[in-house]
Structure formats: structure tokens, C-alpha cells
Amino acid sequence: MSARILYIASNTFREAVRDRVLYNLIAFALLLSGAAIFVGQISIEIERLVVVNLGLTAVSLFGIVIAIFIGIGLVSKEIEKRTLYTVLSRPVRRWEFIVGKFFGLAGTLVVNTFFMAIGVFAALLYVAHKFSKPDAFILVALYFIVLEFLIICSLALLFSSFSTPLLSAVFAFSLFVIGSFADDLRAFAALAPGVARWFATAAAYLVPNFSSLNVISAVAHQQPVGLQLILQNTLYALFYTAMALSGAVLIFERRNLK
Amino acid sequence: MTLVTAGGVTAPFSLLIIILGHTSSPLLDTMAAIEILGLEKTYMVGFWRKRPKRALLPLHLSVEEGEIFGFLGPNGAGKTTTLKMLMGLVFPTAGSARILGQEWTNPEVKARIGFLPEQPYFYDYLTARELLDYYGQLSGVPAKDRKRRIEEVLDQVGLTDSKGIQLRKFSKGMLQRAGIAQAILHNPKLIFFDEPMSGLDPLGRREVRDLIEQLKLQGKTVFFSTHILSDAEALCDRVAIIHKGELRGTGAIEELTSSVQGKVEVVWQGPQIPASMKALSAECHVSGETVRAVIAESQQDAAIDALRRERRRLISVTPLRTSLEQYFVEKLQHSETTAGTIA
Amino acid sequence: MTPRRTSIVAAACLVVSLTASILLLHDIDAIRPRATTEDVLYISSPKILKRASLGFGGLMACIYWTRAVQYFGHRHFLHSHTYHQLAPLLEITAALDPHLIPAYEFGASFLAPAPPDGAGEPVRAVELMKYGIQHNPDNWRLYYDLGFVYYTELKDYKRAGAVFDLGSRVPNAHPFLKILAAQMAEHASEYTTARMLWTATYESTGESYIRKNALEHLRAIRVDEDVTNLEAAVARFEQANGRVPANLWELAAAEHLTGFAVDPDGEPYDLTFDGRIQVASPDNFPFITKGLPPGYKPGRPKFHTPG
């Protein structure tokens, strides 16, 4: 059972690579080095700020885009192209297929992020000439970004299991934007009167909470990130991902394939 | 078995009967490879008010091990629906099936069957070898056997030279062969083909036909659906005919086409039709320089004599058999008239 | 596992994960330093933010407005004495959407007053009002808000009068603006003017928390007035009788009154042994300046914005 999931995951990874996904790293490298060089004239404080902010934001945005664009087609493309027929006619359980696809995409993003992280630290070293202790928290910020990716991948997969690629992209992207303002949504819910309050509160808790996973600004200002927050965020991301994947499995299990 | 206890006198006879029974009815010791027990599928179609559309009426069918079984019908008859249900791609509205003795929903069964879908499409970013390796992994072929088996199968379908080329560059015939390769890679006992010859040129079709015959020689069971009757005639042991979701008839090819009508067809060089021939037969067709006449078998010699007397050149004398096509059309027409109630 | 069993497991997993993630979110909210939005505003330049909003300034304004309200309410509840981020948050809100009127009202009521009831930045509040008037010249309420700040916090009666006068010329302006302009010119008694201002605020606003605020101020004015009058009566008694009245009954008798004063909650005032007047429960009157017991430290406010 687990072997099949691994095979599906590695095939998904291979597909992404052959789709030339990893070429985005070139664009990223260009962006970051350009920024590092141009900002080189100003004082060290701002340089550092720009590199960390820009670098981490780029890691996040590039990754989200990749996660959505590949994720939305993971299932729907296979159904559309009927490549799924010869897979499901083998002893592969439908849920193994979903889980395998998820790990393949998540794995692609982790690898991508790994290379980007090297780039960010390289740029940081270039402008600041040395690392200081608080820079370790950049790793925490990167880790949180990876957690964001897990959530987005699982959501994209969920939508892919029942919706067309276009709609899935719209839904996933909307959830990303709303999730980034999850804090404000909850604040708004607290202010809303009557029935609207219940709807707003429910929405505020259902939407993925990307605002707590975004510590880019704090880390850029060399603020520490607490251990408890790291723990809770990890658990939250795992549970949310599990929820979305369970949904995807539920939908896919009963789906008649055309 | 009851014969054995009939008594000592009948014992030797009964033994004989038992032995004969064994050899003449192979059904006793082989299990059905496929047993379809009332599978049916009704779709709800429409945007606002959904109406039921019966794609498949309750189907009862069984396929024996070791035979090549043809599932015939025009396009849209329900062949692909049936296959998809057996593969677990579509869920039946009612009914069940047993494949190789197990419930069709049991995933373990899939390790022992192969499937080639209609107009298959594979991951085009993979090469043939990579594709087979992936499928082999998913089918549970052990790593040490995989490599060898892949080479064997590629050779069998004639893709050895193309194994390193990405599938996006394959022609239609090559894709079909790759499809067959993935269907037989894990050495399944039972293989399903959905329209395996569709879109192939005559050479390709010949190759596929040969391959299917090879599979039978290896002791495998083949179930394939097609709307091309000549293929079925050439390959199948038994066929079933399906039309508008309903089974119209099943039987062995020989039985279905063996109804020699006791007639022969005589072809001679015309265009004249001797009076004696006219007397023997009502059906004389002239086409260009030749004339065809259908006469009773008993009159065969009289006809030949008549032609010789009239100095007509005899071209051929052929006994008539119902073709599968005739049987097919007959079954369809018959059901057209009796149907009407089917939605 | 059959498809049915898988579905059941998946459904169970979904429910469990959903519950767990909601509970965790609750916890995370508690842990996270609200500092992220408040004390460390990384982009405090409204201009940059406006550009970064990519044309969605209106939406961003709403978001910042919500944050401003949350920020103030939360800190006020904790009885904080500093509200450093309130001015920037309101300024950003106004920059992103100059027509978001409630932001200006909020500024007048809570940016100008001294802590703990406000951020103690009347000058910035004035700037904010002026910005608002510039972009919404036909909104009479903004003139009122500005005059209010001049009068209450800055004690600049001349400017207050000028602003009320300007505002009264706006079409559909509330009539009391004219009266207020006149009042300023006359320097009428403080309590009367203050009462007028707060009544005007109470009646004209639609925001519930501003109303509550105004109501508390009115109650405080009443208390202050009562205490002033009572202490004047005590002084008169002392002069007449050479000692402090024993209790309020004695004082009432001396003043030829049939009853004695109670505070707006109906509690009688206290007369201390040294002739001072105090309210029975100072915690119920957040804005009073008189009638407080010596060494009184305010506890948790009984109300906090927003509603």
C-alpha cells in the first residue's frame, strides 16, 4: 500500500520536473540577485530588510502559484485525458491515488523551496556580509511557508477532484487571498451583528489561516518566533491538510469517471 | 456422480460415462473467468429536471477461462459502460460481477487482470520503458522481474526500438501497442480490450489479431469489445451481441454461423441465364459479366450439368453459411420491432 | 478496504481534522502577539500602502479601519495608557479611502482625548479632521468633529467657533452648529456648552460606541455639576454655622430643599467628615473630574469600545 503511494508521488514529481516547473528557480534567482545588487548602495539595515522581505515573499508567491497551477490539474487532467483508466485498472486504491498525488506535489514544492532558501541566504550573505543569530528565524519563516504550501496543495487537490481547472484555480486563489486576511476576517466577525456574525465567524474559522503562518515581516525585523507558535502552526497545518485531503478522497471515491 | 451409486452392474458403464462426461464438458472443471450478474447502469441526464437514461439494462453474462470472448455491438450500445463498470471506473446502479472468482470491487483482483481502454492516452512525458516501469510498480511486479518483463513485453509488441522515445512522439499504432504492452506486462490471467483495432491500419490490425491469438495460446482469457464483426469472426470463440444497452444474443461463433441453409451459390460467366437455371432457382443476380444464383444443395449437380450443357463457364460453387453479419443485423432488427418500450 | 469503508474513514478523518484545526486556531490566536498588527507597523507610510494596494484601496481601507477599532478596543479593555498605533492606523485608513467618514468620527472621539480614554494626540486628530474636511467639504459632521476637538481638548474657543461657523454654512447642516458658533463667541458656562456638545454628538452619530461614550460624558457632566453645587452649598453652610454639616439632610434643610441630591444612578452622594462631596461608586462614572475619593485609582472600565 505505502509503496504504491510512493510510486505515484515520485511519478507526480517527475511530471512536474518534466513540465519544466523547476525553471522558475531561474526567474527567482534573477529577481533576488538583481534586488541584492541594486539595493547595495543603501545602508545595511534597509538592504537586509529588502532582501529578506523580497526573498521570502517571492518564495511564498512563486510557490503558491506553482501549487495552484499544478494542483488544479492533478486529478481533473487525468480524468480528462483518461490516463486514469489504466492506473485504476491496477490494484491502486482511489485514496492512494489522491494521497500519492499530494505527496508528489508537496515534494516538488519542498525541493523548490530548498533551492530558493539557498538563494535567499546567499543574497543575505552578499548584502550583510555575515549572518547574525536572529537570521536563524528565516528558517522558521521558510518552514511556515512550506506549511502554507501543504495547505494550498491539499486545497487545490480537493477542488481538482470535482471541479474544472479554471474554477479550481479561482477557488484556490480566492482562499489564499482570504486566508491571508484571516485575522481581519475574524475581527470583522466580532464586530458584525446578528446572523451575519455567525456566518462571518464560521467563514473565519473555515478559511485557511495564512495570516498566522506569515512571519515574514517579523523575521525581516529580526524578531523571534516562539516555539509554541511553531508547534501550534505545525499541528494546524497538518490537520487542515488532512481535512482537505479527506474531502478529496470522499469525493473521488464515489465519482463516476466519464 | 449419482451414476456411481447405481449399482455394481452399471458401474463400468457409469465409469465410461463419467470419463466421457469429463472430456466432453470442459465446463465441469474450469471456473468462469467473468460472471456478470445483472449489472445495470442508469444515468440521470439533463440540466434542470434530470431524466433517467438507461445505458445498460440488467446484464447477465459469463465468460469461460481460456476463451476469447467478443462483446459486439454498434457504437453507443453499452459496451464501454460495461467495461468501465467491471474496471471499477463507474459504479453500477444495480447488480454485481465476479472476476476470476472474486468480487469485482476487490482491488486484489486487479493484479491479475489487464485493461486496454479505447483510444488510450498515456503520460506523454514518459518513455515507453518508463511507462511500463511505472505500471509495473503499481501492479506489484517485483523489482527484480520488472526489467526483464518490460523487455519481453516490448519485444512482444514490437516496440523494442522505440522504448527510449517519449510517448508524445508515438504514432497511433505505436500507442496502441504500448497499450497492449501495459495490459499484459504483469502477466494477467484475464485481459480486457476495448475496441483494440480502432484506428489501426490493416497491418496494425493484423498484428493485434496475432497478439490476441498468442495470448490465447498462453492460456489467458481475452474479453474484447468491438463493432467490427470480421475481427470477431476471425478471433472469438464466443460472442455476445448488445444493442441499446440490452443483450440480444450470445453463443459460440460456430453455432451462430453454422446454420448452413442447405443452399449453395453458383457463379458462372454470363450474362445469359439458361432457362434450366431459371427453373432451378429464383434468385439470379447479374453483375457485369458474371451471374450469381442461389440454389438448393440437392440441385447442385443438376445445376452444374445444366451449365455444361449450355456451355457456360462455371466460375465457382460455394456452400452458403450465415455470416456473423447477417446474424447481427437480424438480431438488431428483431429487437427494433420488439423493443419500443426501452427508454 | 472497500470503497464504502474508505468513505467512512475519510469522513471521520475530515470531521476530526476540522474540529482540531478550529480548536488549534483558537489557541494560535491567543498565543500570537497582537504586536504583529499593532506595535510594529512595518509599513506606516500611507503613500506606500496606497500604491501597494494596487487599486484595492477601498478594501484595504476597510481592513485598516477594522484593525484600528480592534486595536483601540482591545487596549482600552486592558486599560492601557498608550495607543501609539491608533494615529497611524487612522491616517492610513483615511489615506486609502478619504471618504470613510466613520474613521474621522472615531479620531475625534478617541484620538484626541488624553489616555486612558484616548490616544492623547489632539494635534494629529486635528490634522486628520482637516484632511477629512478637505476631501469631504459637504459633510457638516466633520466640521462639528473638528470644532469639538478644538473646544474639548485644545481649549481653543476662537478656532472652534470659526469651524462651527464654517460648518453651519454647509447645506443641510444641523441647526445646532449655528448655536454652537454663537456659544463659542459668548464663552458660556463650561458645563452648559459641554452638555450641548455631548448631546449633539449623542444625537447625531450612528455609531453605538460613540453614543455610549457621549452618554458617559453627559453623566459625568451631571455629576461634576452636582458636586460643584453641593460643595458650594457646604461652603455656604460652613460660613453660616462655623462647621461642616453632619449629613446631607442637615444640608438640605439649610438650603430649604425637600429632598437631597442623588447621582445619575440614583445613589445618594457621600458627605465626608471634612466637608467634601463624593460619589458612592466612582467606577460607574469614568469621566468625572470631581467627587472622586482621594487617592482613587480607576479599576477596569465597565464599558469599552466597540459595542
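Colleague: What should I know before reading?

Modeller: This is a predicted model: local features need pLDDT of at least 70, side-chain atom pairs count only at pLDDT 80 or more, and totals for chains, interfaces and linings use all residues. Residues are numbered from 1 along each chain as its sequence is written, while chains are lettered from A and ligands numbered from 1 in the order in which they are written.

Colleague: What is the mean pLDDT of chain B?

Modeller: pLDDT is the predictor's confidence in each residue, from 0 to 100. Chain B has a mean of 82, and 86% of its residues reach 70 or more. Residues 1-11 of chain B fall below 50. That stretch has six contacts in the model beyond near neighbours in sequence. Residues 339-343 of chain B also stay under 50, with five contacts beyond four places in sequence.

Colleague: What counts as a contact?

Modeller: Two residues are in contact if their C-beta atoms, placed from the backbone, lie within 7 Å.

Colleague: At what angle do helix 4 and helix 5 of chain B pack?

Modeller: Helices (H or I, at least four residues) and strands (E, at least two) are DSSP runs, numbered from the N terminus. Axes are lines fitted to C-alpha atoms, for helices over the stretch in contact, and angles run from 0 to 180 degrees between N-to-C directions. Helix 4 (residues 143-157) and helix 5 (residues 172-184) of chain B pack at about 140°, axes 9 Å apart. Under 35 degrees is roughly parallel, over 145 roughly antiparallel, 65 to 115 roughly perpendicular, and the rest oblique. Helix 4 and helix 5 of chain B are therefore oblique to each other. Helix 4 brings B:Val153, B:Leu154 and B:Val157 to the contact; helix 5 brings B:Arg177, B:Ile180, B:Ala181 and B:Ile184.

Colleague: Which kinds of residue make that contact?

Modeller: Ala, Val, Leu, Ile, Met, Phe, Trp, Tyr, Cys and Pro count as nonpolar, Asp, Glu, Lys and Arg as charged, and the others, Gly among them, as polar. Here six are nonpolar, none polar and one charged.

Colleague: How are helix 10 and helix 11 of chain C oriented to each other?

Modeller: The axes of helix 10 (residues 190-204) and helix 11 (residues 208-241) of chain C come within 8 Å and cross at roughly 160°. The two helices of chain C are therefore roughly antiparallel. Their contact holds nine nonpolar, three polar and four charged residues.

Colleague: How many residues of chain B and chain A join their contact?

Modeller: Chain B gives 23 residues and chain A gives 19. Helix 3 (residues 128-139) of chain B supplies the largest share of the chain B side, five residues. That side divides into 16 nonpolar, five polar and two charged.
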